[in-house]
Every structure is written in structure tokens, then in C-alpha cells.
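Please read it alongside the sequence and the coordinates.

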Amino acid sequence: MNSKVNSTINSTINSKTETQENSYIEQAKPAPNVYIDSGLSLLNVEEGHRIQGMVRGAAKKHLGNRFSLNAGLPLWPSSFFNLDKAQVFVNAKTCDKEEVVRLCSQGLVEESLIIEKCGMAFCAKMSALADSIDERMFYNLMSAEEAIHYHQISQFLPDGGAGVSPNPFHLLLARLIENGDRDSLVFIIQVVLEGWGISHYKVLADSCTDPQFCFELREILKDESRHHGVGVIFSKQRGLNELSRDFVVEVMVEFLQMVQLGPQAVVNAVEVVLGQLSREHKIELFQQLDGEKESAASLQTLRSLMLQNGGEAIVQRLDIHHSFTPYSAENCL
Ligand SMILES: [Fe+2]
Ligand SMILES: [Fe+2]
């Protein structure tokens, strides 16, 4: 081998080693981050404020005739919540049954409303952290879509959802958006939660009794599929460094625990209308609502989403925490 070839090989090896070292240094650095207020406590402006006209005009451009709907609750039948299998519900008066189903519907719509509200903050943060014009354009367009989803969903709630208060899942989501680094957020929000949101919204649309809300859900689904798809691309391209992976595991343990705990909102609605249940009756209710089976299915969907999108190491660590095993009815109390 002549010396020219030798020096070319050496310089290639050296530059490769340097690149590997540089990429290692790059990997060890925390992923980009910036603090943003998630806006959970933000309120609407007063009725008649001039900015409302501007927002409405922009929303009408997207929604046309669907801008203003004549909507109301409930949106799903009692069987959707498995209430027909629960003795305490079957034995209740018709007016109480209606109220339980209305509250369960309201809870689902409120949950989506606050998720869309958090979605706007998420996109604002991701736009600020973008490292290309195309990435910034994508997150700004996504932000507009989340704002439209917020408007679409708010129409189905009393008072446009003005008095809705966040549940523990929303508080976790808000904390995550405020503090999470860019790469962790792409993985948790776009890959896992929006991926899960696609199947969740599809189930909601398939069983919805109101054709208007069903249509809106299917429109939202199209956007969510795109949000998830772009998340998958960025996640594969950038991966997760050690710090981000630790953060993802920490957040997912807490989030999965909420899924492991079963249909708490349905049990809560039953108690609000029919009065507090004894421990024994509450366990019976959880069992009759098929909570363990439903949670197992959701946990499996979430596990698959992580496994299919480069989250094998994360799933391994979550398995150690038994995060994909639903709690028994006794442990849901
Ligand atoms: Fe959305
Ligand atoms: Fe989305």
C-alpha cells in the first residue's frame, strides 16, 4: 500500500473517529428547551371584545358553515361507558340514568377540550425550538389546527367549556409541556399521545350519537394523523439522549398509572348522581364496568406505539415498573 493511500485511510479513520466523538458529545448535551406557560389557567376575553371578531373571522375561514353548531350533550349512549352492565346504574331512576350519561359525556368532551388547549402551547414551544423554516411552518400550521379543534369541541359544552377545570392528566400534560425538552416532547406528545389520540378519537366517532360531533371528530382525526406522522419522522431522525430518555420514563410512569387506574371518571359520575358508594359496591362497579379489560387494551396500544417507534429501551424500563399491567378493581380505589 503506498503512503498516499495510507494517509487517505488514516485521515478517513481520524475524521470518522472525530465525527463519532463529536456525535457522542452532541448526544450527551441536553436537547433544546425553552420554558413556556402551558396556559391552563388562561381565560377568554370578555364577551364583545373586538379581538373575538378577528378570531371568529379566522375560524370561519377554516370551518365555513360548521363555525356555529347547534349542539348539546349527551353524545354517547350508556352502553359506550359499559353502564348497562352495572347493577347500580340499571336499578336507578330514568332521570338519574340520563344525568350519569350526560356527566360521562361531558367529562370526555372536557378532557379533549383541555388537551386541545395544551396543544396550542405545545406548538408555540415547538415553533420556538424549530431548526428549519419548514419545521417552524409545520408547528405554526399545527397550532392553527389545534386552535380550530378547541373551537369545534367547545361548541358541545355548556357555556363553551368556560368553567372547565383541569384533571390530574391535564396537570401532568401541562407540566410536561412547560418543562420537557424538544426531543422528549416529540416522543411523548406526538408519537405516543397523539398516536393514542387517533385510536381514541376514532372510537369516540364510531359510537357518537350526534352526527355533527361525529363529523367534527373525523375532521380532527385527519389532522391528528398528520401531527403524529411528523412526530414519528422527527423522533426517528433525532432519537433520544440519555437525559431525555430518563425524563420520558419518569413522565410515562405517571401517565400510565392514570390509565392503570381504570374508569375513574365513570365511577365518579355515578357517585355524583347516585350518592357515595360503599367500598364493596365500588369494587363491584369497577368490575361490572370491565375497567381492567378496557385499561389492558389501552395500555397495550400505548406499549405498541412506543415499540414501533424506537422506544424499546423505554418500554423495557416501564416493564420493570409494571406500567402496562392494569390495576385490579380493589387497587383502583
Ligand atoms: Fe388536536
Ligand atoms: Fe394534534
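## Fold and packing of the chain

From the N terminus on, the elements of the protein chain run α-α-α-α-α-α-α-α-α-α-α-α-α, where helices (H or I, at least four residues) and strands (E, at least two) are DSSP runs numbered from the N terminus. The count is accordingly 13 helices and zero strands. This is a predicted model, in which local features need pLDDT of at least 70 and side-chain atom pairs count only at pLDDT 80 or more, while totals for chains, interfaces and linings use all residues. Residues are numbered from 1 along each chain as its sequence is written, and chains are lettered from A and ligands numbered from 1 in the order in which they are written.

Taken along the principal axes, the box filled by the C-alpha atoms of the protein chain is roughly 95 × 55 × 30 Å. Of the 333 residues in the chain, 35% are buried; a residue is buried if 20 or more other C-beta atoms lie within 10 Å of its own, exposed if 12 or fewer, and partly exposed in between, with C-beta atoms placed from the backbone. Two residues are in contact if their C-beta atoms, placed from the backbone, lie within 7 Å, and among contacts between residues at least 6 apart in sequence, 81% join residues at least 24 apart.

### The nonpolar core

A nonpolar core is a set of buried Ala, Val, Leu, Ile, Met, Phe, Trp, Tyr and Cys residues joined through C-beta atoms within 7 Å. The largest one here has 70 residues, and those that touch the most other members are C118, F122, I177, I188, V192, V248 and M252. Helix α4 (residues 94-128) supplies the largest share of this core, 15 residues. Leaving aside residues up to four places away in sequence, M252 touches I314, L318 and S323.

L176, placed in helix α6, counts as buried with 23 C-beta neighbours inside 10 Å, and beyond four places in sequence L176 touches I188 and V251. F213, in helix α8 (residues 211-238), is likewise counted as buried, with 24 C-beta neighbours inside 10 Å. The contacts of F213, again not counting residues up to four places away in sequence, are A71, L75, F156 and C208. The C-alpha atoms of F213 and Q152 are separated by 8.6 Å, although these residues lie 61 residues apart along the chain.

### Helix pairs

Two packed helices are described by the angle between their axes and the distance between the axes. Axes are lines fitted to C-alpha atoms, for helices over the stretch in contact, and angles run from 0 to 180 degrees between N-to-C directions.

| Helix pair | Angle | Axis distance |
|---|---|---|
| α7 (residues 182-207) and α9 (residues 242-260) | about 40° | 9 Å |
| α4 and α6 | roughly 5° | within 10 Å |

Angles under 35 degrees count as roughly parallel, over 145 as roughly antiparallel, 65 to 115 as roughly perpendicular and the rest as oblique. The pair α7 and α9 is therefore oblique, whereas α4 and α6 are roughly parallel to each other. In the second, I114, I115, C118, A121, F122 and K125 of α4 meet H170, L173, A174 and I177 of α6.

### Helix α2 and the backbone exceptions

The expected span of a helix is 1.5 Å times one less than its number of residues. Helix α2 (residues 50-63) has 14 residues and should therefore span 20 Å, which agrees with the 20 Å between its end C-alpha atoms. G64 follows α2 and has a positive phi, near 55°.

Most residues other than glycine have a negative phi, and most peptide bonds are trans. The peptide bond from L73 to P74 is cis, with omega near 0°, and P74 is placed in the loop between α2 and α3 (87-90). D159, which is not a glycine, has a positive phi near 60°; D159 is found in the loop between α5 (133-154) and α6 (168-179) and is exposed, with 8 other C-beta atoms within 10 Å. H322, also not a glycine, has a positive phi of about 55°. H322 is found in the segment after α13 (312-320) and is exposed, with 11 other C-beta atoms within 10 Å.
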